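Have the structure open while you read.

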Amino acid sequence: MSAQNHLFSGSIVALVTPMNNYGEVDFACLEKLVEYHVQAGSNALVSVGTTGESATLSIEENVKVIEKTVEFAKGRIPVIAGAGANATSEAITMTKLLRDSGVAGCLSVVPYYNKPTQEGIFQHFKAIAECTDLPQILYNVPGRTGSDMKPETVARLAKINNIVGIKEATGDISRVTKIKELAGKDFIVLSGDDATSLDAMKLGAEGVISVTNNLAPKDMADMCRYALTGDFAKAEEINARLMRLHHDLFIESNPIPVKWAAYRLGLIKSAHLRLPLTVLSEEVQPKVEEALKIAGLL
């Protein structure tokens with residue numbers, strides 16, 4: 001694995017963006033979260049991805065949160081910037097604004113809502129890659145976007161020098177094998193689905209961009225380390241304890257449950273999200289709390 005690829009492997013946190021009860025970003029809390037993950041052994045942070053509420057932060061806020069995350073990390077852990085948009089021009093603007101931010105790379109989602117063809121998806125990511133020298137990680141999450149980037153399109157994009165990997169969040173682990181076959185073994189595949197991430201690593205994925213990691217960073221780091229060194233028995237033991245959490249953190253739309261859980265664990269001061277997302281419903285809070293207990297976090 002190259003030095004660059006090593007930056008994008010293992011247990012990567014899909015970091016929440018902490019806010020106060022007025023919906024303003026809580027930068028003091030963000031600093032504590034970054035320190036928490038550095039100390040817990042997380043391998044990298046994704047700042048302002050889906051879990052970081054990218055959809056409801058302005059471009060200026062996106063950039064500021066990413067820059068502050070880099071500042072707080074102090075070079076101890078790579079920071080990957082969420083930089084996607086459904087308008088190619090907006091994604092290019094965002095990517096260019098991050099040029100000198102100190103991020104290790106960008107995570108860019110398949111355009112959502114407008115449902116481009118496979119050719120449109122290819123041209124979108126090609127245009128973004130050509131505007132920057134920053135490494136680009138593709139992000140395929142059809143449950144959110146309404147469009148599925150096929151492995152054949154990924155393979156075309158993999159030929160572009162600074163497109164180095166993909167966060168594959170279909171939950172279909174056969175995609176790992178297919179993408180590796182078509183795009184080459186050096187093309188990085190990261191699971192975007194906690195519940196199937198261990199199975200994905202068994203098939204050659206390099207790690208996971210994880211929601212669960214917000215709450216159980218040491219466990220996720222250990223699980224990934226064991227999996228990537230072939231000690232699947234130890235990895236399975238940890239993963240089994242976290243499996244209920246993997247599922248229940250999606251009992252309502254992400255990041256609603258994980259923000260409530262982080263608040264419940266005292267990691268953030270407020271469970272507040274920006275509308276149209278609302279705080280976790282009272283009737284399902286006990287389910288998430290039980291999942292935290294099963295995971296040994298409460």
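This is a predicted model: local features need pLDDT of at least 70, side-chain atom pairs count only at pLDDT 80 or more; totals for chains, interfaces and linings use all residues.

Residues are numbered from 1 along each chain as its sequence is written, and side-chain values use heavy atoms, with hydrogens and water left out. Helices (H or I, at least four residues) and strands (E, at least two) are DSSP runs, numbered from the N terminus.

**Pockets**

- A pocket here is an open set of points on a 1 Å grid over the protein atoms alone, with protein on both sides within 12 Å along at least five of seven lines, and its lining residues have an atom within 4 Å of a point.
- The largest pocket holds about 610 Å³ of space, where a volume is the space filled by probe spheres set on the grid points, and points are joined across faces, edges and corners.
- Its lining runs to 28 residues, and Thr 50, Glu 53, Ser 54, Ala 55 and Tyr 112 lie nearest the centre.
- Helix H3 (59-73), H4, strand E4 (105-109) and helix H6 (142-145) each put at least two residues into that lining.
- Sorted by class, the lining of the largest pocket has 15 nonpolar, 10 polar and three charged residues; Ala, Val, Leu, Ile, Met, Phe, Trp, Tyr, Cys and Pro count as nonpolar, Asp, Glu, Lys and Arg as charged, and the others, Gly among them, as polar.
- The second largest pocket comes in at about 270 Å³.
- That second pocket is lined by 17 residues, with Tyr 139, Val 141, Gly 192, Phe 250 and Asn 254 closest to its centre.
- Seven nonpolar, five polar and five charged residues make up the lining of the second largest pocket.

**Cavities**

- A cavity is a set of grid points where a 1.4 Å probe fits but cannot get out, and there are two cavities of 30 Å³ or more.
- The largest cavity has a volume of about 60 Å³, and among its 13 lining residues Glu 168, Asp 172, Val 176, Ser 191 and Ala 200 lie nearest the centre.
- Strand E7 (residues 188-191) gives the most to the lining of the largest cavity, with three residues.
- The second largest cavity has about 50 Å³ of space, and residues lining it include Thr 50, Tyr 139 and Lys 167.
- Its lining divides into five nonpolar, four polar and one charged.

**Helix packing**

- Axes are lines fitted to C-alpha atoms, for helices over the stretch in contact, and angles run from 0 to 180 degrees between N-to-C directions.
- Helix H4 (residues 88-97) and helix H5 (residues 118-130) have axes 9 Å apart at an angle of about 25 degrees, so H4 and H5 are roughly parallel (angles under 35 degrees count as roughly parallel, over 145 as roughly antiparallel, 65 to 115 as roughly perpendicular and the rest as oblique).
- Thr 88, Ala 91, Ile 92 and Thr 95 in H4 meet His 124, Ala 127 and Ile 128 in H5, where contact means heavy atoms within 4.5 Å.
- The contact of H4 with H5 has four nonpolar, three polar and no charged residues.
- Helix H7 (residues 151-158) packs on helix H8 (residues 174-183) at about 40 degrees, with the axes 9 Å apart, which makes H7 oblique to H8.
- In the H7 and H8 contact there are seven nonpolar, no polar and three charged residues.
- The axes of H12 and H13 come within 10 Å and cross at roughly 60 degrees.
- H12 brings Pro 257, Trp 260, Ala 261 and Arg 264 to that contact, and H13 brings Gln 285, Val 288, Glu 289 and Leu 292.

**Backbone details**

- The peptide bond from Asn 254 to Pro 255 is cis, with omega near 10 degrees, and Pro 255 sits in the loop between helix H11 (232-248) and helix H12 (256-264).
- Leu 275 and Pro 276 are also joined by a cis peptide bond, with omega about 15 degrees; Pro 276 is in the loop between H12 and helix H13 (285-294).
- Lys 74 is a residue other than glycine with a positive phi, near 55 degrees, and Lys 74 lies in the loop between H3 and strand E3 (79-82).
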